[in-house]
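Hi,

Here is the model I said I would pass on.

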Amino acid sequence: MTVTLADVAARARVSPATVSRVLNGNYPVAASTRERVLRAVDDLDYVLNGPASSLAAATSDLVGILVNDIADPFFGIMAGAAQTEIGGPGDGSGRAGGEKLAVVCNTGGSPERELTYLTLLQRQRAAAVVLTGGAVEDPAHQAAVSAKLAKLADAGTRVVLCGRPPLPDGEAVVAALAFDNRGGGRRLTEHLLSLGHRRIGYVAGPLERTTTRHRLEGHREAMRTAGLVGDEERLTVHGPYDRRSGYDATLELLRREPEVTAVVAANDTVALGASAAVRDRGLRIPEDISVAGFDDLPFSVDAVPALTTVRLPLFEAGARAGRLAMGKETPPPGGIATIAAELMVRGSTAPPRV
């Protein structure tokens, strides 16, 4: 049964004229009323009828790039690279020569805000949407995201995942470019084990993120292969992907296990905090404690000593995502590509003191 504008009005407890004003955006409406109308539109999956529905199904010159934190270089590099490909000269078919307007949507790591941005991009008939970074491991949220992406795809929006694992139901996604976080985490810990480290602390990211789980799984796989089991939980501290978390978590690790000889951080920013905590305890890097990170962000090589880390090709992945979003590149077979991670050995890791 077709949902009508009157149905939306009844659901939102407003007049049909008010619904029209909210959807057209051409008349001021109270914020609370606007929210009720938009919620009713979502609940009923309302689409304009007649000639207007044809307009609603057409795509605009807008492209949305969703990031967790634009201030984090991990996301900033990918978003900037994607934007370069998206905003470049097109094929002359658009209103301004084929160029697209790339808008970066900063979710702050909030699942609710991620869904809100996807809804807003759907209403703006976005030409493409690029979702970057790890996903929240919550079945209800994943189902909601899949439903939003399906609506976007049905309206002609090209959806690309960058640095994000494929969705269980990925039919709406043009391509998923997933980093080999698990393999990178394993190789990083294998490097420390090869140096002779056995008491290795791990500063992990937020529990609910796929990136956190995959990197930690790689670390623990290497530890198990080396026969080092039993202290996984005690030698792991979770926290946000920021410097403060690295600092506080490393102090906690050193409190739990003073004999730790190496600290693996969830990313390079966390590793900076870990390094500061080690120094504040009067210890030297790497003579007393080795420190390693993940991502190979630009500052990693300039740290003192330079940070051993795992390099993810963030710029290359973002640029590829932009090309896929614009239809400039053929999607990988099956729509899924795993992007390799490369171990970068530098001065922050060394054999433990005998």
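I'll start with strand β3, residues 128–132. Five of its five residues are buried, so the strand is largely enclosed by the rest of the structure. Do keep in mind as you read that this is a predicted model.

Both faces of β3 are covered. In a regular strand the side chains alternate between the two faces of the sheet. Here Ala128, Val130 and Thr132 sit on one side, with Val129 and Leu131 on the other, and all of them are buried. The cut-off behind that word is a relative accessible area under 20%.

What does β3 pair with? Strand β1 (residues 62–67) is one partner, parallel to β3 and joined to it by four bridges.

Arg125, in the loop between α6 (111–123) and β3, has a phi near 55°, which is positive although the residue is not a glycine. Arg125 counts as partly exposed because its relative accessibility is 27%.

Now for another sheet. Four strands form an open sheet with parallel pairing, in the order β7-β6-β8-β9. The edges are β7 (236–238) and β9, each with a single partner strand, so one side of each has no neighbour in the sheet. On average, neighbouring strands of this sheet are turned by 15° against each other, ignoring direction. Within it, strand β6 (residues 200–204) pairs with β7 in the parallel sense over three bridges, and the bridge partner of Val203 in β7 is Val237.

Two helices pack on this sheet, and here is how they sit:

- Helix α8 (residues 181–195) touches β6, β8 (262–265) and β9, and its direction makes about 170° with that of β8.
- Helix α9 (residues 210–225) touches β6 and β7, and its direction makes about 170° with that of β6.

The loop between β9 and β10 gave me several things to look at. Let me take Thr308, which lies in that loop, between β9 (290–292) and β10 (309–311). Is Thr308 buried or exposed? Its relative accessibility is 0%, so Thr308 counts as buried. The Thr308 side chain makes a polar contact of 2.8 Å with the side chain of Thr349. Leaving aside residues up to four places away in sequence, Thr308 touches Leu188, His191, Val291, Ala292, Gly293, Met344, Val345, Arg346, Gly347, Ser348 and Thr349.

Asp295 is in the loop between β9 and β10 too. Its phi is near 115°, again a positive value in a residue other than glycine. Asp295 counts as buried because its relative accessibility is 1%.

Then there are the cis peptide bonds. One joins Val304 and Pro305, with omega about -10°, and Pro305 is likewise in the loop between β9 and β10. Another runs from Ile285 to Pro286, with omega near 5°; Pro286 lies in the loop between α11 (268–280) and β9.

Finally, the overall picture. The protein has twelve helices and twelve strands. Its C-alpha trace spans about 80 × 45 × 30 Å along the principal axes. Of the 354 residues, 48% are buried. The protein exposes about 15,900 Å², and carbon and sulfur atoms supply 53% of that. Among contacts between residues at least 6 apart in sequence, 73% join residues at least 24 apart.

That's what I have so far. Over to you!

Cheers

Notes
Residues numbered from 1 in each chain as written. Predicted model: local features only at pLDDT ≥ 70, side-chain atom pairs only at ≥ 80, totals over all residues. Heavy atoms only, no water. Buried < 20%, exposed > 50% of the residue type's maximum accessible area, 1.4 Å probe, protein only. Polar contact = N/O pair within 3.5 Å; in protein donor to acceptor, adjacent residues only side chain to side chain. Contact = heavy atoms within 4.5 Å. Pairing = 2+ DSSP bridges. Axes fitted to C-alpha atoms, helices over the stretch in contact; angles between N-to-C directions. Areas by Shrake-Rupley, 256 points an atom, 1.4 Å probe, with all protein chains shown as cover.
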